[in-house]
Amino acid sequence: MRRITSTTALLLAAALLASLPARAEIRIIQSPGGQVGPFLDLFEKVRESGERVVIDGPCLSACTLVLSIVPGERICVTRRAVLGFHAARSVDRRGRFYAEPEASEAVLAAYPGPVRDWISRRGGLTSRLLLLKGRDLAAIYPRCR
């Protein structure tokens, strides 16, 4: 009886896997960013999963860490995609922001070369939000199909 149950479970699992799309994807529709830790954890899981990332709207601040963690060949962008970069900062208990220059350098170094070059040509990471979109973005990442 156990063998039949195991065989039945195996067949059911195979049928379910066969019915899934061949390629799964994560779609970023709108992300204002946030604390870095949860984004690092999420994108590490995405990297390990083999899923493709579709950037289909604003991906700002910590969201852009996807570019540092998920292989570039698994990232594509739509016409609505916008990447927003700024210098790293921390917030104290009173809500005051503090620059984190060493963290900014580490983040910039982790971005792929073309992204790093684009940021550098615009003065580097500062408190001002740099928006990468349109043709500039499409020159770095392919349009999604």
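A: A quick definition to start: a salt bridge here is a side-chain nitrogen of Lys or Arg within 4 Å of a carboxyl oxygen of Asp or Glu. Keep in mind that this is a predicted model. By that rule, the count comes to seven salt bridges.

Let's begin with Arg27. Its partner Glu25 makes a salt bridge with it, and the closest N and O atoms sit 2.9 Å apart. How open are these two to the outside? Arg27 has 41% relative accessibility, so it counts as partly exposed. Glu25 is partly exposed as well, at 33%.

Arg27 also forms a salt bridge with Asp56, with 3.1 Å between the closest N and O atoms. That pair ties together distant parts of the chain: Arg27 belongs to strand S1 (residues 25–28), while Asp56 sits in the loop between strand S2 (52–55) and strand S3 (58–60), 29 residues apart. Is Asp56 buried or exposed? Asp56 counts as buried, because its relative accessibility is 9% and buried means under 20%.

Another salt bridge to look at is the one where the side chains of Asp92 and Arg96 meet, at 2.8 Å from N to O. Arg96 is partly exposed, with a relative accessible area of 41%.

Definitions and conventions: Residues numbered from 1 in each chain as written. Predicted model: local features only at pLDDT ≥ 70, side-chain atom pairs only at ≥ 80, totals over all residues. Heavy atoms only, no water. Buried < 20%, exposed > 50% of the residue type's maximum accessible area, 1.4 Å probe, protein only. Helix = DSSP H or I, 4+ residues; strand = E, 2+ residues; numbered from the N terminus.
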